Amino acid sequence: MSNSHKLPNIVITGTPGTGKSTTAELLVTQSPVPLKHINVGELVKERRLYENYDDEWQSYIVDDDKVLDELEPMVADGGVILDWHTCDIFPERWVDLVVVLRCDHTQLWNRLEARNYSLKKIQENNESEIMQTVLEEARESYPPEAVVELQSESTDDLESNVNRIIAWIEAWQKNNATEDSAQ
Ligand SMILES: Nc1ncnc2c1ncn2[C@@H]1O[C@H](COP(=O)(O)OP(=O)(O)O)[C@@H](O)[C@H]1O
């Protein structure tokens, strides 16, 4: 995708509560280039891209094929931020950068408690963060140079993460412009 698009697609992933949406929203407002934030979890709900709802885990059983069909035209032109707690379903060719947000588990616990998640769901997510499940998933699904792990525990982290992603986008554009003119 990087060869045929003027802007990169970026996945922002991480355990629920690590700060994906907050980071994506700030990135959209601060980016010098236009970016579109897609909260994939919201999209799944709005467009019913699920098989059913699991009461016990309080979550949707997502229909991956439906999600991919829905997203394909949206990512085609680049400049999209895909915000989701999982990343391995997105084809490698769609994605130019995968940002995995991380958070100290005590702080994560408090954030999820503030969301009124059930104890079971808080424990599940907390354990997943400790086991760095999403990071492992990203590393298994994308080339090492495409995966960046960033802490998201403070407002300073938030600002510096957004600045780093913007710097990365600018570098990507420069490389891409060089590739375009060389063709
Ligand atoms: N870097 C950060 N520093 C402080 N609070 C944060 C940070 N990132 C996220 N938060 C807070 O944590 C909560 C969860 O953030 P959110 O962006 O909704 O997470 P996610 O999209 O990963 O589920 C929100 O209340 C948000 O304000």
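Predicted model: local features only at pLDDT ≥ 70, side-chain atom pairs only at ≥ 80, totals over all residues.
Taken along the principal axes, the C-alpha atoms fill a box of roughly 55 × 35 × 30 Å. The radius of gyration of the protein is 17 Å, which agrees with the value near 16 Å that a compact globule of 183 residues would have. Of the 183 residues, 30% count as buried. Among the contacts between residues at least 6 apart in sequence, 75% join residues that are at least 24 apart.

In soluble globular proteins, nonpolar side chains tend to be buried together. In this model, the largest nonpolar core has 33 residues, and those with the most contacts inside it are Val11, Ile81, Val98, Val99 and Val100. Strand β6, which spans residues 97-102, gives the most to this core, with five residues. When neighbours within four places in sequence are left aside, Val11 is in contact with Leu82, Cys87, Phe90, Val95, Val98 and Val99.

The ligand is surrounded by 15 residues, of which the closest are Gly19, Lys20, Ser21, Thr22 and Leu158. By residue type, this shell divides into two nonpolar, nine polar and four charged residues. Helix α1 (20-30) and helix α7 (155-182) each supply at least two residues of the shell. In an unreviewed entry, UniProt lists Gly17, Gly19, Lys20, Ser21, Thr22 and Arg115 under "binding site".

Two of the residues closest to the ligand, Lys20 and Ser21, may be described in more detail. Lys20 is found in helix α1, and the place of Ser21 is likewise in helix α1. Lys20 is classed as buried because 27 other C-beta atoms lie within 10 Å, where 20 or more are required for that class. Ser21, by contrast, has 17 C-beta neighbours inside 10 Å and therefore counts as partly exposed. With neighbours within four places in sequence left aside, Lys20 is in contact with Ile12, Thr13, Gly14, Asp83 and Leu101.

Notes: Residues numbered from 1 in each chain as written. Near = placed C-beta within 6 Å. Helix = DSSP H or I, 4+ residues; strand = E, 2+ residues; numbered from the N terminus. Nonpolar A, V, L, I, M, F, W, Y, C, P; charged D, E, K, R; others polar. UniProt positions renumbered as here; feature names shortened; annotations may be inferred. Buried ≥ 20, exposed ≤ 12 C-beta atoms within 10 Å, placed from the backbone. Contact = placed C-beta atoms within 7 Å. Core = buried A, V, L, I, M, F, W, Y, C linked by C-beta atoms within 7 Å. Rg over C-alpha atoms; globule rule 2.2 N^0.38 Å.
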